[in-house]
Amino acid sequence: MDRRAFLLSAAACSAVSASTAQQALAQSAQRFATAASYSAQRDGASFLVVRHGVVLAETYSAGGADTRWPIGMGTRAFMPLLAASLVEDRLMTLDEPVAATLGDWGADPVKSTISIRVLLSGASGLCFEANGPRDLATAIALQPRQAPGTEFSDDSAPYVLFAEIARRKLTAANREPDPARYLTTRTL
């Protein structure tokens, strides 16, 4: 679901009468400029004002209402659902090695021992550097900081890797390759 649809559904649950819509449409765009500026100065992702189901003001920090935007830790709750869906569709097992999908991991004596279960448990030992890049290429190149399965670490690197594993598994099965779309249409 895109940001605007989510925010609109959360903010506007009532029907709009014709008279209310006319009043709302007649309001000045500058009325909310200070609030929109305040939101932008504090790295707000979006600014949306809705009254009686009518959008009065709307700005986005990047793209528009239909632009996908990473929501960080909020996506972690969906990973078990994605994993369960992939297992149920027989596209993977939790105990298979990550190296079965990320082939270049097979040559590494430590990374080749990491299973999908260990990756998702937070005990893979894989962690991004505090101020370093947090992208897929960096995640694939990471070396475990401790032996896999020995210590929990709350980091986003395993989730970045699992999203790529899911994408590759879905592509190989000629399914919707976007894990978010797959999960939305298949499970949610």
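## A network of salt bridges

E88, D89, R175 and R186 are joined in a network of salt bridges, a salt bridge being a side-chain nitrogen of Lys or Arg within 4 Å of a carboxyl oxygen of Asp or Glu. The structure is a predicted model, in which local features need pLDDT of at least 70 and side-chain atom pairs count only at pLDDT 80 or more, while totals for chains, interfaces and linings use all residues. Residues are numbered from 1 along each chain as its sequence is written, and side-chain values use heavy atoms, with hydrogens and water left out. Over the whole structure, the search finds 10 salt bridges.

## D89 and its two arginine partners

D89 forms a salt bridge with R175, where the closest N and O atoms are 3.1 Å apart. D89 belongs to the loop between α4 (79-88) and α5 (116-121), and R175 to the loop between α7 (157-172) and α8 (179-186), so this pair ties together parts that are 86 residues apart in sequence. Helices (H or I, at least four residues) and strands (E, at least two) are DSSP runs, numbered from the N terminus.

A salt bridge also connects the side chains of D89 and R186, with an N to O distance of 3.0 Å. This pair links distant parts of the chain, since R186 lies in helix α8 and D89 in the loop between α4 and α5, 97 residues apart. D89 is partly exposed, with a relative accessible area of 22%; R175 is partly exposed at 34%, and R186 is partly exposed at 28%. On this scale, buried means under 20% relative accessible area, exposed over 50%, and partly exposed in between (1.4 Å probe, protein chains only).

## The pair R145 and E129

R145 and E129 form a further salt bridge, their closest N and O atoms being 3.4 Å apart. R145 lies in the loop between α6 (136-141) and α7, and E129 in the loop between α5 and α6, so the pair ties together parts that are 16 residues apart in sequence. R145 is partly exposed, with a relative accessible area of 48%, whereas E129 counts as exposed at 52%.

Strands β1 (residues 46-51) and β2 (residues 54-60) run antiparallel and are joined by 6 bridges; two strands pair if DSSP finds at least two bridges between them. Within this pairing, L48 has E58 in β2 as its bridge partner. The two strands form a hairpin with 2 residues between them, and H52 in the turn has a positive phi of about 50°. In a regular strand, side chains alternate between the two faces of the sheet.
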